[in-house]
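Please walk me through this structure, from the parts of one chain to the way the chains meet.

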There are 4 protein chains.
Amino acid sequence: MSGVAEHRSPEELTQLRSRIERFVDEVVIPREPAPGDHLDPALRKELQQAARDAGIFAPHVPRRWGGLGLPISQWPQIFEAAGRSPLGPTALNCMAPDEGNMHMLSEIASEQQKQQYLAPLASGEATSCFGMTEPHPGAGSDPSQLQTTARREGGEWIITGEKRFSSGANTASFMIVMARTQPEGAEASGATMFLVPMESPGISIPRQIHTIDRSIGGGHPHVVLEDVRVDDEAVLGEPHQGFRYAQVRLGPARLTHCMRWLGLASRAQEIVLKRANQREIFGAKLAEQGIAQAMIADSEIDIETSRSIIERTAHLLERDPKAGSRLSSIAKVHCSEAVYRIIDRAVQLCGGDGVSTNLPLAQYLNEVRPFRIYDGSSETHRWAIARRAVHRQQRRMEQSAEYSGGA
Amino acid sequence: MSGVAEHRSPEELTQLRSRIERFVDEVVIPREPAPGDHLDPALRKELQQAARDAGIFAPHVPRRWGGLGLPISQWPQIFEAAGRSPLGPTALNCMAPDEGNMHMLSEIASEQQKQQYLAPLASGEATSCFGMTEPHPGAGSDPSQLQTTARREGGEWIITGEKRFSSGANTASFMIVMARTQPEGAEASGATMFLVPMESPGISIPRQIHTIDRSIGGGHPHVVLEDVRVDDEAVLGEPHQGFRYAQVRLGPARLTHCMRWLGLASRAQEIVLKRANQREIFGAKLAEQGIAQAMIADSEIDIETSRSIIERTAHLLERDPKAGSRLSSIAKVHCSEAVYRIIDRAVQLCGGDGVSTNLPLAQYLNEVRPFRIYDGSSETHRWAIARRAVHRQQRRMEQSAEYSGGA
Amino acid sequence: MSGVAEHRSPEELTQLRSRIERFVDEVVIPREPAPGDHLDPALRKELQQAARDAGIFAPHVPRRWGGLGLPISQWPQIFEAAGRSPLGPTALNCMAPDEGNMHMLSEIASEQQKQQYLAPLASGEATSCFGMTEPHPGAGSDPSQLQTTARREGGEWIITGEKRFSSGANTASFMIVMARTQPEGAEASGATMFLVPMESPGISIPRQIHTIDRSIGGGHPHVVLEDVRVDDEAVLGEPHQGFRYAQVRLGPARLTHCMRWLGLASRAQEIVLKRANQREIFGAKLAEQGIAQAMIADSEIDIETSRSIIERTAHLLERDPKAGSRLSSIAKVHCSEAVYRIIDRAVQLCGGDGVSTNLPLAQYLNEVRPFRIYDGSSETHRWAIARRAVHRQQRRMEQSAEYSGGA
Amino acid sequence: MSGVAEHRSPEELTQLRSRIERFVDEVVIPREPAPGDHLDPALRKELQQAARDAGIFAPHVPRRWGGLGLPISQWPQIFEAAGRSPLGPTALNCMAPDEGNMHMLSEIASEQQKQQYLAPLASGEATSCFGMTEPHPGAGSDPSQLQTTARREGGEWIITGEKRFSSGANTASFMIVMARTQPEGAEASGATMFLVPMESPGISIPRQIHTIDRSIGGGHPHVVLEDVRVDDEAVLGEPHQGFRYAQVRLGPARLTHCMRWLGLASRAQEIVLKRANQREIFGAKLAEQGIAQAMIADSEIDIETSRSIIERTAHLLERDPKAGSRLSSIAKVHCSEAVYRIIDRAVQLCGGDGVSTNLPLAQYLNEVRPFRIYDGSSETHRWAIARRAVHRQQRRMEQSAEYSGGA
């Protein structure tokens with residue numbers, strides 16, 4: 001969305017962030033559902049209207065579609081502020097998977113597709129889902145295992161396959177479906193992305209998957225596609241370019257997750273700091289107990305290193321999307337593990353209240369646990385990060401035969 | 001219970017462990033409630049009967065009260081085997097808090113108290129709870145903050161106070177209440193333990209505390225004691241010796257938690273190993289992926305170090321309860337953190353299934369998370385461990401003026 | 001030095017970094033002394049001349065004093081490139097403690113002091129040291145324990161005290177001495193900084209302290225000041241402002257250490273990557289072994305998070321030195337621990353060669369180990385970080401009585 | 001050596017341990033060389049004589065050869081006590097590699113070989129080395145890469161190859177050489193162990209490898225064997241059984257390393273505890289600072305878990321050497337990493353003194369660093385541990401088709 005973005009001055013950005021923080025603290029947090037409960041659709045509508053009224057709705061969406069038009073380099077502070085509540089991003093309409101889908105539609109979709117799919121998404125009227133992950137042994141950590149296919153027949157595409165962990169599918173009005181396609185005359189197959197209304201004949205949701213997180217309204221169900229017919233206008237971008245487009249979506253989508261969850265981790269740290277200022281134990285304030293101080297400091301370090309790599313990656317994504325996407329892989333591993341550690345320390349420092357519904361912290365722990373798995377597990381990313389490092393060194397050594405770094 | 005225990009030969013012990021493992025795998029695990037659900041009382045009865053029939057009921061209870069009479073040095077393997085299911089210890093009637101209460105009653109109670117309280121507990125007819133923890137600023141990590149009091153009036157004790165996290169209180173028939181008492185003529189107050197039927201006038205449960213664990217049937221509610229009257233026969237052991245008795249209970253009680261949870265962690269590791277043998281990813285079995293191997297090995301190391309310090313501490317508790325209690329503090333920190341890491345790795349290695357109800361692992365994570373807080377948080381134990389180390393060195397230095405260890 | 005700095009374009013900066021990298025790889029690294037040996041003064045001169053000839057000398061020093069005049073926001077890449085060899089920063093004359101002293105002189109010294117002290121330092125003719133740390137129970141982790149005093153007598157200052165870990169003192173031509181002074185009429189004492197030539201009567205170096213690092217030429221000796229007399233022109237900045245000035249020096253000085261050591265850590269990672277591409281073990285390249293990949297990835301993550309927080313802190317130090325100094329404390333803890341982990345993993349992945357002089361890695365480990373202690377230990381910083389976090393929250397809560405973050 | 005061992009009562013063992021501790025504290029520690037220096041051979045002789053006089057010499061050696069004849073299950077406390085100084089095990093003649101070689105000779109050698117090689121080793125007259133590790137791509141982490149060969153010629157064996165990291169070779173009077181041999185008529189080759197005097201024609205030490213540890217007198221040099229001729233009496237045990245014998249040596253040898261280094265780690269902890277009782281910082285004793293307490297506690301936990309798994313493994317090695325050897329692999333990874341952490345924390349808590357020669361801690365860090373690499377690196381062991389876990393589960397699943405552990 002960089003093309004149409006409007007950079008704000010540092011002062012404007014700081015002001016906007018403060019307004020969002022205040023909105024989340026005063027409007028959203030008091031309405032959070034009890035730990036373990038799901039978001040009510042009516043509440044979603046109400047919060048989005050309040051955000052619209054507060055002038056903070058859809059900060060990442062181009063002005064043309066009703067958003068604030070911020071460039072990606074200015075998302076970090078804004079999304080973090082929204083993430084102070086698990087509901088904040090939904091209220092501001094910058095929650096996954098819609099936010100990533102809006103970004104991709106805005107970059108790749110045709111004008112007609114934008115009118116049909118992006119407009120209602122940006123305005124909050126509709127929600128969407130992204131159909132990539134499949135049951136084993138299909139596409140999961142390893143996207144090349146994609147099993148869902150789309151074949152040509154009579155000028156139409158016929159899509160068949162099964163998706164799972166289709167976040168948001170229960171309430172979505174359309175799915176962006178990733179399917180294997182065969183370019184004419186080519187040996188190797190590719191993948192194509194299709195915009196498929198959820199009411200299309202052949203789509204069904206045979207069963208839910210119950211996960212420990214609650215912040216995505218439409219669950220993570222199985223979705224079966226059985227001979228679903230779409231025409232050429234359903235193709236998002238060019239046919240057979242799906243794997244490349246997936247990267248367009250993935251880099252920023254990973255990073256906005258980091259931003260949002262960092263907001264929740266900061267909130268957890270505030271809960272701890274507030275308590276540490278109040279509680280006395282063994283004759284002194286918790287805030288003055290050295291073991292607690294060490295844990296508080298470790299969380300500060302986790303917060304600031306996360307903030308730093310998020311900001312650097314966001315700038316890089318704006319300037320050089322490919323390099324930014326590579327760095328987002330590192331940022332994702334660090335941030336997903338850091339936010340978990342932060343909230344885990346918060347639970348620990350709040351003792352019995354930490355593991356009960358007296359505080360929302362135990363639910364936050366369940367909320368962020370899957371992030372170390374979704375969008376590529378830490379292990380898959382580490383494997384990819386190592387391979388890229390090894391290749392970088394190979395290129396460096398080829399370039400310089402006389403390299404003198406080691407034995 | 002050492003006095004009446006009967007040591008088994010290594011072969012007998014191994015055989016007993018195998019029988020318990022088979023029982024848990026074949027009888028208990030198939031009946032586990034869905035993740036997040038509580039145990040049904042009828043199922044509890046059924047499983048306990050099955051355990052009785054299998055000759056493995058109440059392994060830690062003296063023969064006289066219907067148990068197997070194992071000495072504490074032989075509990076580790078047995079309790080670990082039972083812990084393979086969160087329900088296993090309940091089935092074998094060696095679950096907290098009853099197990100720790102049985103141990104204390106068996107060590108300290110009068111014959112009449114044993115008949116009245118230990119007998120139905122040992123047979124599984126009744127359950128119990130232990131009233132130590134209080135709402136802030138009462139007894140929590142710091143037991144010296146005890147606020148509940150028992151005062152003498154007309155030959156009776158009148159107990160007033162509030163307890164929280166009273167595990168099992170909802171279904172318990174009696175509570176062992178820790179209350180501050182004033183020894184006649186003494187300056188400092190002490191604490192006394194009372195055996196108090198839950199149906200006593202003045203006891204009420206005004207509200208539940210919902211925690212993320214599910215394995216203790218009777219919840220962790222608030223319990224209010226308002227002028228509850230008991231006579232001298234309700235005093236457990238000697239009056240004013242409560243803090244000392246608490247140590248009698250705490251050392252073994254902490255360690256049996258370690259044993260049971262280690263069983264659950266081993267089960268999680270088995271689920272991973274089974275999957276690692278079946279799943280293929282990136283062209284090879286998960287079991288052959290180095291990053292997965294490193295995680296599997298780390299869990300093996302956590303399992304074996306936990307097993308080792310549990311066994312050593314159990315032997316020490318039998319031989320020298322005071323030294324054993326000190327070591328149990330170290331064992332508790334290590335094991336509570338190790339079992340969490342093991343299950344967390346299991347969740348991670350099972351990907352999407354790990355954080356959903358497709359596998360029980362995410363619930364296990366919630367099951368063991370509080371163990372780093374209950375029975376003394378890791379931080380409180382670390383503080384105590386460090387203080388003991390410092391004192392040990394002080395004594396050593398006093399004994400040897402010519403000590404030559406450092407600068 | 002921000003006032004006189006000249007920002008380079010991103011392209012110019014990248015080019016400068018490449019030139020420095022090439023210089024370090026081709027000119028400096030081949031001349032590194034054997035592991036454990038110290039730098040020869042003649043080699044120092046030779047390398048500095050080579051850097052001057054290459055147009056990369058004193059990158060942080062204002063043009064007026066012969067440097068490249070880079071602003072602090074542009075130091076990170078440059079210092080990291082220099083740090084690829086423990087000798088690189090010396091060659092470029094941006095090594096501690098001179099670099100920090102140049103920065104402080106350039107910010108605080110009078111014109112006459114700049115001519116006398118900064119000029120020869122900037123040109124590499126002279127070296128310097130900074131006299132802050134004292135033997136126990138003097139100034140160490142806790143600067144307020146400062147014991148060295150300067151008293152007024154006959155229009156002169158008479159300085160008396162003892163310093164230790166006075167890095168570089170053996171070869172320095174002057175020391176910046178921190179001494180406790182008593183402002184006339186004031187209750188509380190302050191501290192004053194003095195510029196004291198090492199040849200002044202009363203200064204002696206009674207004994208060396210042998211540390212495990214080797215990269216600072218002039219060692220870390222004890223320095224005794226016995227009635228050393230200086231006049232008012234020796235006062236750096238205003239009298240009694242020493243603690244405040246120490247902060248001016250500390251923020252950037254901590255961060256440049258991070259930059260330089262990150263360079264060394266990157267070099268260690270390159271040695272590993274090169275080897276991983278060449279060595280075969282258990283039938284495959286080391287680079288393809290998953291356990292090695294996980295370690296390589298962890299080091300990449302440590303490198304990129306360090307780079308990110310260094311860059312963000314450097315920008316902040318330029319814009320808002322006080323906020324930058326606070327963040328530098330967090331950056332210092334993270335980077336000092338990250339670089340140690342990176343080099344430790346490199347040692348591990350190189351096996352027997354890693355712990356022998358076949359590779360320089362074991363010496364690098366000794367080189368960076370003290371950084372977790374020097375310039376404020378990790379523990380002292382963690383304590384300060386926690387206190388600042390607690391105060392931040394207190395202010396926030398005072399500002400907003402209606403804060404709604406927790407229980 | 002189990003056959004001829006004499007179990008002591010717990011009281012006798014405790015007494016022996018105390019005597020050794022006192023000996024090390026009073027006799028050995030005052031004679032430790034300066035950090036970084038090597039042990040003088042004359043001092044070695046003197047200390048061994050003192051240990052003989054004190055009746056604590058060669059605790060693991062059978063009575064017949066002049067030792068105390070302790071069984072392996074009773075080594076842990078004894079070797080840990082000796083390890084309080086890097087010189088302690090040398091003084092007691094239970095240092096690697098001699099101790100492992102004595103064990104193997106005592107188990108496998110012929111009577112004549114025992115007279116010739118074991119007797120002078122056990123008495124301290126001679127030292128030995130073990131020739132297994134080879135330069136890349138020979139035997140290292142992967143023993144199956146063994147390149148050194150022994151071929152039959154005229155009733156003799158002719159050994160050719162190159163060994164490296166041959167610990168102790170500089171001063172050894174003989175080497176146990178591992179060489180590839182071809183059993184007559186067999187397809188696959190095996191390995192044979194040979195007892196080879198270092199003065200044999202064809203043996204040379206072309207170069208030293210300088211490593212960061214100092215505690216093994218005879219260094220870790222390269223040793224070249226060029227057509228070294230030995231007769232059948234040089235074969236240790238049966239020909240072609242070398243890989244199997246290597247396991248006999250490895251299990252206990254790994255574990256005794258753990259015992260000795262744990263002694264050094266305990267000593268480092270004592271240095272810290274002593275200091276923590278004396279130093280004041282920020283207005284309180286170091287021992288009362290919470291962050292220091294957390295680190296002290298972590299080291300206590302590392303010490304006690306190490307002690308526990310060492311003791312359990314030693315008992316298992318006595319009862320079931322094969323199972324013990326498997327567990328020793330886990331113990332080695334845990335202990336080698338734990339002792340490093342303990343000493344690293346000690347360095348940290350002692351600040352500037354920790355990284356200088358004011359205290360021996362920085363040298364201890366260098367002393368134990370290689371242990372994570374020698375005797376199988378942590379990574380190689382983790383890989384083996386994971387594979388064994390996977391196989392264990394496979395067997396379990398084959399035995400029970402109806403296994404019900406997971407999805």
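The text below goes from domains to core, then to chain contacts and a few backbone details.

This is a predicted model. Start with chain A. Chain A is divided into domain 1 (2-126), domain 2 (129-240) and domain 3 (243-399). Domains 1 and 2 of chain A have C-alpha centres that lie 25 Å apart. Their contact takes 17 residues from domain 1 of chain A and 15 residues from domain 2 of chain A. On the domain 1 side, helix 5 (98-108) and helix 6 (111-123) of chain A each supply at least two residues. That side of domain 1 of chain A holds 8 nonpolar, 7 polar and 2 charged residues.

In an unreviewed entry, UniProt gives residues 11-125 of chain A as "domain: Acyl-CoA dehydrogenase/oxidase N-terminal". In the model, the span 11-125 of chain A is 58% helix and 0% strand. Its end C-alpha atoms lie 32 Å apart. UniProt, again in an unreviewed entry, places "domain: Acyl-CoA dehydrogenase/oxidase C-terminal" at residues 241-389 of chain A. The span 241-389 of chain A is 81% helix and 3% strand. Its end C-alpha atoms lie 26 Å apart.

Now look at the core. In soluble globular proteins, nonpolar side chains tend to be buried together. Here the largest nonpolar core has 509 residues. Which of its residues touch the most other members? They are Phe194(A), Phe194(B) and Phe194(C). Take Phe194(B) and leave aside its neighbours within four places in sequence.

Next come the chain contacts. Begin with chains C and A. The contact takes 44 residues from chain C and 44 residues from chain A. Helix 7 (242-278), helix 8, helix 9 (321-349) and helix 12 of chain C each supply at least two residues of the chain C side. Helix 8 of chain C gives the most, with 12 residues. By class, the side of chain C that touches chain A has 22 nonpolar, 11 polar and 11 charged residues.

How are the two copies related? A rotation of 180° with 0.0 Å of shift along its axis superposes chain C on chain A, with an RMSD of 0.0 Å. Ser308(C) has the C-alpha nearest the axis in chain C, 2.6 Å from it. The same surface serves both copies, as 100% of the contact residues of chain C recur in chain A.

Chain C also meets chain D. In this contact, 34 residues of chain C touch 33 residues of chain D. Two or more residues of the chain C side come from each of strand 8 (280-281), helix 8 (290-319), helix 10 (351-354) and helix 12 (378-399) of chain C. The largest share, 4 residues, comes from helix 12 of chain C. The side of chain C that touches chain D has 13 nonpolar, 14 polar and 7 charged residues.

Chain C superposes on chain D by a rotation of 180° with 0.0 Å of shift along its axis (RMSD 0.0 Å). That is the relation of a two-fold axis. In chain C, Asn366(C) has the C-alpha nearest the axis, 4.2 Å from it. Of the interface residues of chain C, 97% are also interface residues in chain D, so the copies meet through the same surface.

Some backbone details remain. Most residues other than glycine have a negative phi, and most peptide bonds are trans. Look for the exceptions. The peptide bond from Ala96(B) to Pro97(B) is cis, with omega near -5°. Pro97(B) is in the loop between helix 4 (88-91) and helix 5 (98-108) of chain B. In chain C, the bond from Ala96(C) to Pro97(C) is cis, with omega near -5°.

Phe165(C) is not a glycine, yet has a positive phi of about 50°. Phe165(C) lies in the loop between strand 3 (156-163) and strand 4 (174-181) of chain C. Is Phe165(C) buried or exposed? Phe165(C) is buried, because 26 other C-beta atoms lie within 10 Å and 20 or more are enough. Asp375(C) has a positive phi of about 60° and is not a glycine either. Asp375(C) sits in the loop between helix 11 (361-368) and helix 12 of chain C. With 23 C-beta neighbours inside 10 Å, Asp375(C) counts as buried.

How values were computed:
Residues are numbered from 1 along each chain as its sequence is written. Chains are lettered from A and ligands numbered from 1 in the order in which they are written. This is a predicted model: local features need pLDDT of at least 70, side-chain atom pairs count only at pLDDT 80 or more; totals for chains, interfaces and linings use all residues. Two residues are in contact if their C-beta atoms, placed from the backbone, lie within 7 Å. Ala, Val, Leu, Ile, Met, Phe, Trp, Tyr, Cys and Pro count as nonpolar, Asp, Glu, Lys and Arg as charged, and the others, Gly among them, as polar. UniProt positions are given in the numbering used here, feature names are shortened, and annotations may be inferred rather than shown by experiment. A nonpolar core is a set of buried Ala, Val, Leu, Ile, Met, Phe, Trp, Tyr and Cys residues joined through C-beta atoms within 7 Å. A residue is buried if 20 or more other C-beta atoms lie within 10 Å of its own, exposed if 12 or fewer, and partly exposed in between; C-beta atoms are placed from the backbone. Copies are superposed by least squares on the C-alpha atoms of residues with pLDDT of at least 70 in both. Domain bounds come from an automatic or database domain assignment.
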